[in-house]
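Q: I'm new to this one. Could you walk me through how to read it?

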Amino acid sequence: MKLYAIAALIFFSTSALAQEAEKPKDETLKKAGNIATQPVRDIGLDKDEIPPVLLKAVENPYATPASRTCKGLKGSLGELNAVLGEDFTVGAKANENRTGKIAEAVGKTIVNSLIPFRGLVREISGAAPQERRLQAAVTAGIARRGYLRGMAANKGCKIIS
């Protein structure tokens, strides 16, 4: 009975996520899928791979790009945006759906409570160190994107996103 209740809560939490109106459906379904598969990642069976563009950024986020033309800089920024998501834009309104955030938090809490000693399991399985490497790569990618945007702005390139 307890497992049925947990499954029902996960279903209703992911259903609430699906009702998040301000975000595209593919983003919401991706979030729901990530929540549901978190235990598999926690025990190290499914690891998030670090995209090559972020691995390159980790090596040296401030390396001179191969092409310093506006077209080359836009291409490099496009590669980073593809894995990091769109960059901040001036004047953009914050778009937060409180119901969606609460549903996501409930879903994560329920799923993450399925594994006892989750933190220890994540360290032993290698999931926690892999997540730290991924976060470091994302940080390097964000630094790289800022560097490239600065170069583009200095050249007078028109960068939309």
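Here is a short chat about a disulfide, a core and a surface patch. Keep in mind that this is a predicted model.

Q: How many disulfides does the structure hold?
A: Look for two cysteine sulfur atoms within 2.5 Å. The structure holds 1 disulfide: Cys70 pairs with Cys157, with the sulfur atoms 2.0 Å apart.

Q: Which parts of the chain does the pair link?
A: Distant ones: Cys70 sits in helix 5 (residues 70-84), while Cys157 lies in the segment after helix 8 (127-155), 87 residues apart.

Q: Is the disulfide left-handed or right-handed?
A: Check the torsion about the S-S bond. For Cys70 and Cys157 that is about -85°, so the disulfide is left-handed.

Q: Are Cys70 and Cys157 buried or exposed?
A: Buried means under 20% relative accessible area. Cys157 comes in at 11%, so Cys157 is buried. Cys70 has 28%, so Cys70 counts as partly exposed.

Q: Which residues make up the largest nonpolar core?
A: In soluble globular proteins, nonpolar side chains tend to be buried together. Here the largest nonpolar core has 11 residues in all, including Ile50, Leu77, Leu134, Met151 and Cys157. Helix 8 gives the largest share of this core, 5 residues, and helix 5 supplies at least two. Take Leu77: leaving aside residues up to four places away in sequence, Leu77 touches Arg145, Leu148, Arg149 and Ile159.

Q: Which residues form a nonpolar patch on the surface?
A: Phe117, Leu120 and Ile124 do, with about 400 Å² of accessible area together. Phe117 is in the loop between helix 6 (98-112) and helix 7 (118-125). With a relative accessible area of 67%, Phe117 is exposed.

How values were computed: Residues are numbered from 1 along each chain as its sequence is written. This is a predicted model: local features need pLDDT of at least 70, side-chain atom pairs count only at pLDDT 80 or more; totals for chains, interfaces and linings use all residues. Side-chain values use heavy atoms; hydrogens and water are left out. Helices (H or I, at least four residues) and strands (E, at least two) are DSSP runs, numbered from the N terminus. Buried means under 20% relative accessible area, exposed over 50%, partly exposed in between (1.4 Å probe, protein chains only). Patches are made of residues with over 30% relative accessible area and no salt bridge: like charges are joined within 9 Å, nonpolar side chains (Val, Leu, Ile, Met, Phe, Trp, Tyr) within 5 Å. Accessible areas come from the Shrake-Rupley method with a 1.4 Å probe; for residues, only the protein chains shown count as cover. A salt bridge is a side-chain nitrogen of Lys or Arg within 4 Å of a carboxyl oxygen of Asp or Glu. A nonpolar core is a set of buried Ala, Val, Leu, Ile, Met, Phe, Trp, Tyr and Cys residues joined through side-chain atoms within 4.5 Å. Contact means heavy atoms within 4.5 Å.
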